[in-house]
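Welcome, and please have a look at the model shown here. The notes that follow walk through a few of its features, from strand pairing to the ligand's surroundings.

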Amino acid sequence: MDSDYLTEPEKGGLYKAIFSRRDVRSHFIQKDIPDDALLRILNAAHHAPSVGFSQPWNFILVKDMPTRQKVKESFLRERERSTRMLDDNRERQDKYRSLKLEGIIESAVNICVTYDPTRFGPFVLGRTSIEETGVYSVCCAIQNLWLAARAEGIGVGWVSILSNQDLEEILEIPPHVKPVAYLCLGYVDEFASKPDLEAAGWLSRMDLADVVCFEKWGSTNSEKWSGLSAAVNRLKTEDNIYMNRP
Ligand SMILES: Cc1cc2nc3c(=O)[nH]c(=O)nc-3n(C[C@H](O)[C@H](O)[C@H](O)COP(=O)(O)O)c2cc1C
């Protein structure tokens, strides 16, 4: 059915959201997110795939500043702890300290995304062999949220330098539910063209050729895949093949 295919501009919009999505920590501006935009973003997250259609996510929306202050304190403690792990590499440690790694207070809204393994359980179709598929499902919802927010012009930053125990206490999360992500959302003055960690010289994007193999682990070309493997090998990391195609 024709209408089931995306039109060229629709495809362009999707790829633009994918390629220009950023993890945002330092570009938030003071502007509230209207409820209708948040509703669209949350509903996009809720339409993610999930193992056995178990929809094991919840979204805890946080605006309250004292709550956010407590989360920030957890971040500061955890960052200090992780900084000590680099005691044997002073240069890396200084670099790590200089990075801005959260926007808990500056963003408009914080959202904690959680995983409930008991939802529709204990038998969840498809989760019987690989337990982690439950958490993978929550990550699919998070990615939907991230891209929908990008489409709305709203930046998202994922803060994982936190103690889950602190989050459970601060947000009164029941013991059977696990926090998966703590996200900071807000309008931004720009979406940077590169990841902040790349711009700061922490790490760079790998070539696609470094992560794709054919038929077997580690096999970088194969007769069956000669066309694609040549194209993968030619692709530069910064290429956005959808946008650049003739
Ligand atoms: C599971 C996960 C946890 C992350 N935790 C943090 C974090 O604690 N602090 C931070 O600044 N960025 C965090 N990020 C964002 C990554 O640093 C970011 O995605 C990566 O550098 C690539 O940049 P980009 O998202 O702008 O493309 C996290 C991302 C993921 C997927």
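This is a predicted model: local features need pLDDT of at least 70, side-chain atom pairs count only at pLDDT 80 or more; totals for chains, interfaces and linings use all residues.

## Strand pairing around β4

Valine 113 stands opposite alanine 181, a residue of β4.

As for cover, β4 spans residues 178–187, and nine of its ten residues are buried.

## A closer look at tyrosine 182

Tyrosine 182 has its place in strand β4. Is this residue buried or exposed? Tyrosine 182 counts as buried because it has 25 C-beta neighbours inside 10 Å, where 20 or more are needed.

Which residues does tyrosine 182 touch, if neighbours within four places in sequence are left aside? The contacts are Val71, Asn110, Cys112, Val159, Leu162 and Leu167. For a sense of distance, the C-alpha atoms of tyrosine 182 and aspartate 87 are separated by 27 Å, and the two residues are 95 apart along the chain.

Now to a helix pair: α2 (residues 35–46) and α5 (residues 133–151) have axes that come within 7 Å and cross at roughly 145 degrees. The crossing of α2 and α5 is right-handed. On the α2 side the contact is made by Arg40, Ile41, Ala44, Ala45 and His46, and on the α5 side by Ala141, Asn144, Leu145, Ala148 and Ala149. By class, the residues of this contact comprise seven nonpolar, two polar and one charged.

## Around the ligand

If you are interested in the ligand, here is its shell: Arg22, Asp23, Arg25, Leu101, Glu102, Trp158, Val159, Ser160, Ile161, Pro195 and Leu197. How do the residues of this shell divide, and how many are charged? Four are charged, six are nonpolar and one is polar. Val159 links two parts of this report, as a residue around the ligand and as a contact of tyrosine 182.

## The chain as a whole

Stepping back, the protein chain has nine helices and four strands, arranged along the sequence as α-α-β-α-α-β-α-β-α-β-α-α-α. Its C-alpha atoms fill a box of roughly 60 × 50 × 40 Å along the principal axes.

Of the chain's 246 residues, 22% count as buried. Among contacts between residues at least 6 apart in sequence, 80% join residues at least 24 apart.

Notes:
Residues are numbered from 1 along each chain as its sequence is written. A residue is near a molecule or strand if its C-beta atom, placed from the backbone, lies within 6 Å of it. Ala, Val, Leu, Ile, Met, Phe, Trp, Tyr, Cys and Pro count as nonpolar, Asp, Glu, Lys and Arg as charged, and the others, Gly among them, as polar. A residue is buried if 20 or more other C-beta atoms lie within 10 Å of its own, exposed if 12 or fewer, and partly exposed in between; C-beta atoms are placed from the backbone. Helices (H or I, at least four residues) and strands (E, at least two) are DSSP runs, numbered from the N terminus. Two strands pair if DSSP finds at least two bridges between them. Axes are lines fitted to C-alpha atoms, for helices over the stretch in contact, and angles run from 0 to 180 degrees between N-to-C directions. A crossing is left-handed if the near helix is turned anticlockwise from the far one by less than a right angle, and right-handed if clockwise. Two residues are in contact if their C-beta atoms, placed from the backbone, lie within 7 Å.
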